Amino acid sequence: MFRLEDLFRLQHEALLSNLSSDKVTELLGFVRDFAGLITDTLESLDFADPAKKTVIRILAVDSLSSLLVACRAGLWGNVPEAAVLIRTALETLTILTCLVEEGAFRAFDFEMRSRLRRFSYVACHTRLGDRGQRVNSLHGKLSDVGGHTSRNRLKFAEFKKDGVGYDRFGCAADADASEMALLLIPDALQHLAGNLREAYVQERRAYPMEERHAELNARYVQFIRTRDAESEGTASQDS
């Protein structure tokens, strides 16, 4: 007989299995560090305009929450569920980016109490031009994997371990799937941290986490370069 407690136990076992992958633990380390930087920044938000402080806090917490729950789903090996949450965070981050660049915090504070029109995701990614088009392209890919019942979503309905096939029922002991699910989360968190920093810079004020932010960014950039170089090397060997 099915018991929910058994599923929760299996999810924890899948998480521990997936964390045995060095690639997964390395990505998780960046998620942890960026999330720590962001939460510490949010705790020390200090803007003269109360609307700016409120709007930044609401959007930052919303996107951060989505990304951290996506991380948990990803550690369970659930790529589609993680993709849905990352897509949601991407929408919020797009709106936040637009707001920071335009400085329209009071206007958004008013609009979010009724219906988002000027500051809807579609309106904001359109105003961001080429960057917005790239974001929307990624948004579409995430939708195809997680947001809709598609071929790309259904291919994650099962996984193999030691050559044996299993249904992905709430979890998958599949480190490759876990890595795939976590891959975009540090990027999104880096973008969120950058928005928070920019909110200070636009007021010609010192960002209180500047040194920590710069060190983490440099470390993450080096990680990306190393990963890309390894991928290119593997591709060359395969060809």
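Guide: The largest pocket has a volume of about 430 Å³. This is a predicted model, in which local features need pLDDT of at least 70 and side-chain atom pairs count only at pLDDT 80 or more, while totals for chains, interfaces and linings use all residues. Residues are numbered from 1 along each chain as its sequence is written, and side-chain values use heavy atoms, with hydrogens and water left out.

Visitor: What counts as a pocket, and how is a volume defined?

Guide: On a 1 Å grid over the protein atoms alone, a pocket is an open set of points where a 1.4 Å probe fits, with protein on both sides within 12 Å along at least five of seven lines; lining residues have an atom within 4 Å of a point. Grid points are joined across faces, edges and corners, and the volume is the space filled by probe spheres set on the points.

Visitor: New topic. How many disulfides?

Guide: Zero, by the rule used here, which asks for a pair of cysteine sulfur atoms within 2.5 Å. For Cys 71, the nearest cysteine sulfur is that of Cys 171, 16 Å away.

Visitor: Are those two cysteines buried or exposed?

Guide: Cys 71 is buried at 6% relative accessible area, and Cys 171 is buried at 10%. Buried means under 20% relative accessible area, exposed over 50%, and partly exposed in between (1.4 Å probe, protein chains only).

Visitor: Which residues of H9 are buried?

Guide: In helix H9 (residues 175–182) they are Ala 177, Ser 178, Glu 179, Ala 181 and Leu 182. Their cover includes helix H1 (4–18), helix H2 (22–43), helix H3 (50–75), H4 and H10.

Visitor: And what is at the start of H9?

Guide: There, a side-chain oxygen of Asp 174 comes within 3.2 Å of the backbone nitrogen of Asp 176.

Visitor: Back to H10. What does Asn 195 touch?

Guide: Asn 195, in helix H10, touches Leu 93, Leu 96, Thr 97 and Val 100, not counting residues up to four places away in sequence. Contact means heavy atoms within 4.5 Å. Asn 195 is buried, at 6% relative accessible area. The side chains of Asn 195 and Thr 97 are joined by a polar contact of 3.1 Å. That term means a pair of N or O atoms within 3.5 Å; within protein, one must be able to donate a hydrogen and the other to accept it, and residues adjacent in sequence count only if both atoms are side-chain atoms.

Visitor: Where is His 213?

Guide: In helix H11 (residues 210–238). Leaving aside neighbours within four places in sequence, His 213 is in contact with Leu 37, Ala 193, Gly 194, Arg 197 and Tyr 207.

Definitions and conventions. Helix = DSSP H or I, 4+ residues; strand = E, 2+ residues; numbered from the N terminus.
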